[in-house]
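These entries record what I looked up in the structure, taken in the order in which I turned to each point. I begin with one residue and its neighbours, then widen the view.

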Amino acid sequence: MAKLINGNGNKAIWAAQDADLIAALAGNVTGIAKVGNKFVATQEDANTIGLSDGVIVTKEGRRIQLDAGSVDLFDIPTGTAGVTSYYIIGYHLITNSDSSQTCETFVQKMDNATDVITENTFRGGATEIYVSCYRVVQDGLNIDSINALLPELENISTLMSNVSNKL
């Protein structure tokens, strides 16, 4: 039987129900919302990448939020002279033994410049999900580039403006 989720008398909105609404509004695509510093990446030192505050919405509507003024740090292993290495950095979502779901950072070495990590969903039965934010290319001892892997989500005011301009 259907439920009126946000009606009087409904005692709780479950995370999965909230995620369904967010996924529908965001278009079932993982991306970075236009809020805060939008998870911009900066090289903090020779081996550390920092991601600034923002909101990521996953394709199933889960929200990863880094509060205003906060920075998450990702440590890239020290490189080897003459060797190019590729890393993906992002967030690892986990279902814990008590069924709670949490988020932590991850750094994963990849075999080449095009390898990706498949993003699963809790709704699809996964107990852990990797949300890839950036590909880091390390040339020898130096970080050569930090390339975004997530699109920036369009917001309603931008979409309305685009529609108005076409009328």
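**Entry 1: S85 and the ground rules**

I looked up the contacts of S85 and found that it touches K109, V136, V137 and Q138, leaving aside residues up to four places away in sequence; contact means heavy atoms within 4.5 Å. S85 is found in strand β5. I counted S85 as buried, since its relative accessibility is 6%; buried means under 20% relative accessible area, exposed over 50%, and partly exposed in between, with a 1.4 Å probe and protein chains only.

I note that this is a predicted model, in which local features need pLDDT of at least 70 and side-chain atom pairs count only at pLDDT 80 or more, while totals for chains, interfaces and linings use all residues. Residues are numbered from 1 along each chain as its sequence is written, and side-chain values use heavy atoms, with hydrogens and water left out.

**Entry 2: The chain as a whole**

I listed two helices and eight strands in the chain; helices (H or I, at least four residues) and strands (E, at least two) are DSSP runs numbered from the N terminus. Along the sequence I read the pattern α-β-β-β-β-β-β-β-β-α. The C-alpha trace spans about 65 × 50 × 30 Å along its principal axes. Of the 167 residues of the chain, 35% count as buried. Among contacts with a separation of 6 or more, 55% are made by residues 24 or more positions apart. The accessible surface of the chain comes to about 10,100 Å², and 50% of this surface belongs to carbon and sulfur atoms; the areas come from the Shrake-Rupley method with a 1.4 Å probe, and for residues only the protein chains shown count as cover.

**Entry 3: Helix α1**

I compared the span of helix α1 (residues 15-26) with expectation: at 1.5 Å a residue its 12 residues should span 16 Å, and the end C-alpha atoms are 16 Å apart, which agrees. The expected span is 1.5 Å times one less than the number of residues.

Which residues of α1 are buried? I found A19, I22 and A23. Seen down the axis of α1, the buried residues fall within an arc of 105°, so they line one face of the helix; the arc is that of the directions from the helix axis to the C-beta atoms. An α-helix has 3.6 residues a turn, so residues three or four places apart point the same way. The buried residues of α1 pack against β3 (48-57). On the face of α1 turned away from its buried side I found the exposed residues A24 and L25. Just after α1, G27 takes a positive phi of about 85°.

**Entry 4: Aromatic pairs**

How many aromatic pairs does a search of the whole structure find? I recorded three; rings of Phe, Tyr and Trp (its six-membered ring) pair if their centres lie within 6.5 Å, and planes under 30 degrees apart count as stacked, over 60 as edge-to-face and the rest as tilted. The rings of F39 and Y91 have centres 5.8 Å apart and planes at 75°, so this pair is edge-to-face. F39 lies in the loop between β1 (31-32) and β2 (41-45) and Y91 in strand β5 (residues 84-95), so that the pair links distant parts of the chain, 52 residues apart. Both F39 and Y91 are buried.

The rings of F106 and Y130 have centres 5.0 Å apart and planes at 90°, so this pair too is edge-to-face. F106 lies in strand β6 (residues 101-110) and Y130 in strand β7 (residues 128-139), so the pair ties together parts that are 24 residues apart in sequence. F106 is buried, with a relative accessible area of 8%, whereas Y130 is partly exposed at 25%. Ring pairs also link F39, F74 and Y91 into a cluster.

**Entry 5: The largest nonpolar core**

I counted 23 residues in the largest nonpolar core, where F39, I49, L51, I56, I89 and Y91 have the most contacts; such a core is a set of buried Ala, Val, Leu, Ile, Met, Phe, Trp, Tyr and Cys residues joined through side-chain atoms within 4.5 Å. The elements giving two or more residues to this core are β3, β4 (63-75), β5 and β7. The largest share, five residues, comes from β7. I89 touches, among others, I49, L51, F74, F106 and V136, not counting residues up to four places away in sequence.

**Entry 6: Loop residues**

K38 has a positive phi of about 55° although it is not a glycine, and K38 lies in the loop between β1 and β2.
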